[in-house]
Amino acid sequence: FLVPFGAKNADKLRSISIRYLLEDEVDSFADTVGKDGDPQKLAEARTKAYHESRKIARISTPLIKGNSKIERGFKNGDQRKYFVPCKSCGEMQVLRFQGTNSDTGEAFGLVWETNDGVLDRSSVKYLCEFCGHPHTNSDKAFMLPRGEWRPTARPISPDRRSYHISGLYSPVGMFPWDACV
């Protein structure tokens, strides 16, 4: 069964044992609920009865860098990122809006052209970090299913996973690269 409630109700946050806890948009949570404290800690305490089998998922769009609950949680985990292959060279990479290859100095990520300050939507491409191959938005249909989550850091505890993914990974037919630009 599902018991939905908001992070502002301390009584509900203490009322039942929870095996699977899903917290959505945690960066919008208040730091405290009245005199009761941190709503995340109150909700997590509800999972103690299921300590060996509990699952806690915290999801959010980060808000203020350096003061973000989800950013802090991500850094405490193994910081998994989704690596996808280039259609040309096959090298696995994390999609980034723009970057510079540390070995070659070449730019990678999204590139585009404008005509009199107006985006030419058909010009938007994603350049491979390794070989510079230009990918179109429709190439995500090849790249995304062949991708894999990889940890990029050592977590504070061995069972703590954290994931980061950007809008650049939206499937074909959803949020295209030209809309990101």
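Which side chain meets Glu-129 in a salt bridge? In this predicted model, the partner is Arg-96. The legends below take that pair and a few others in turn.

**Close-up 1. Glu-129 and Arg-96 pair up loop to loop.** The N-to-O distance in this salt bridge is 3.4 Å. Glu-129 sits in the loop between strand S7 (118-127) and strand S8 (134-135), while Arg-96 belongs to the loop between strand S4 (92-94) and strand S5 (98-100), so the contact ties together parts 33 residues apart in sequence. Glu-129 is buried, at 17% relative accessible area, whereas Arg-96 is partly exposed at 35%.

**Close-up 2. Glu-23 holds on to Arg-58 through a salt bridge.** Here the closest N and O atoms are 2.7 Å apart. Glu-23 is in strand S1 (residues 20-24) and Arg-58 is in strand S2 (residues 55-59), so this pair ties together stretches 35 residues apart in sequence.

**Close-up 3. Lys-69 and Asp-31 meet in a salt bridge.** The N-to-O distance is 3.1 Å. Lys-69 is part of helix H3 (residues 69-76), and Asp-31 comes from the loop between S1 and helix H2 (39-45), so the two link distant parts of the chain, 38 residues apart. Lys-69 counts as buried at 13% relative accessibility, but Asp-31 is exposed at 57%.

**The wider picture.** Searching the whole structure turns up 10 salt bridges.

Terms used: Residues numbered from 1 in each chain as written. Predicted model: local features only at pLDDT ≥ 70, side-chain atom pairs only at ≥ 80, totals over all residues. Heavy atoms only, no water. Salt bridge = Lys/Arg side-chain N within 4 Å of Asp/Glu carboxyl O. Helix = DSSP H or I, 4+ residues; strand = E, 2+ residues; numbered from the N terminus. Buried < 20%, exposed > 50% of the residue type's maximum accessible area, 1.4 Å probe, protein only.
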